[in-house]
Amino acid sequence: MKFNEQNFNKNSNNIKSYSKNSIKVQNKEYNYNVIVPPENKITKCKININSISHEYIIKNIEDNINFVIIASNNTGNVDKTPIILELNNRDIGIEFMNVASACSSHNILLAENRNFISFFIFN
């Protein structure tokens, strides 16, 4: 699905389109697991959804982040409680979403200039 064009900073990592196995940020398509900050470098996410942990998330975020999106179409087997509790103890909100919802939420938070990061986990 493609998004309508919004006005973002030219360095912003706004999501242009997505499918169940990929996202397009700026003009580059990613069909592997990635960590997408609002700006700056997009990095490869070296974990799958069944092994995601609060340690991995915390290791890959900056100090000023106050919200985390975990995007995957298969979160049924993930024990979310320890992740949510640990991040909430650090005053960091977290939400597990399907890819479609995460793409929309990512762009909304980007437009609001929020301090967040999105993990897109396709496999």
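## Arg90 and its salt bridge

R90 is partly exposed in this predicted model, with a relative accessible area of 46%. The side chain of R90 forms a salt bridge with E86, in which the closest N and O atoms are 2.9 Å apart.

## A second salt bridge

The count of salt bridges comes to two, and the other pairing joins the side chains of E112 and R114, with an N to O distance of 3.7 Å. Both partners can again be described by their accessibility: E112 counts as partly exposed at 47%, while R114 is partly exposed with a relative accessible area of 34%.

Strand 7, which covers residues 93–97, is mostly covered, since four of its five residues are buried. Strand 6, made of residues 67–71, runs parallel to strand 7, and five bridges join the two. Within this pairing, V68 stands opposite I94, a residue of strand 7.

Helix 2, which spans residues 80–89, belongs to a right-handed β-α-β unit together with strand 6 and strand 7. In a regular strand, the side chains alternate between the two faces of the sheet.

Definitions and conventions: Residues are numbered from 1 along each chain as its sequence is written. This is a predicted model: local features need pLDDT of at least 70, side-chain atom pairs count only at pLDDT 80 or more; totals for chains, interfaces and linings use all residues. Side-chain values use heavy atoms; hydrogens and water are left out. A salt bridge is a side-chain nitrogen of Lys or Arg within 4 Å of a carboxyl oxygen of Asp or Glu. Buried means under 20% relative accessible area, exposed over 50%, partly exposed in between (1.4 Å probe, protein chains only). Two strands pair if DSSP finds at least two bridges between them. A crossover is right-handed if, with the strands pointing away from the viewer, the path from the first strand over the helix to the second runs clockwise.
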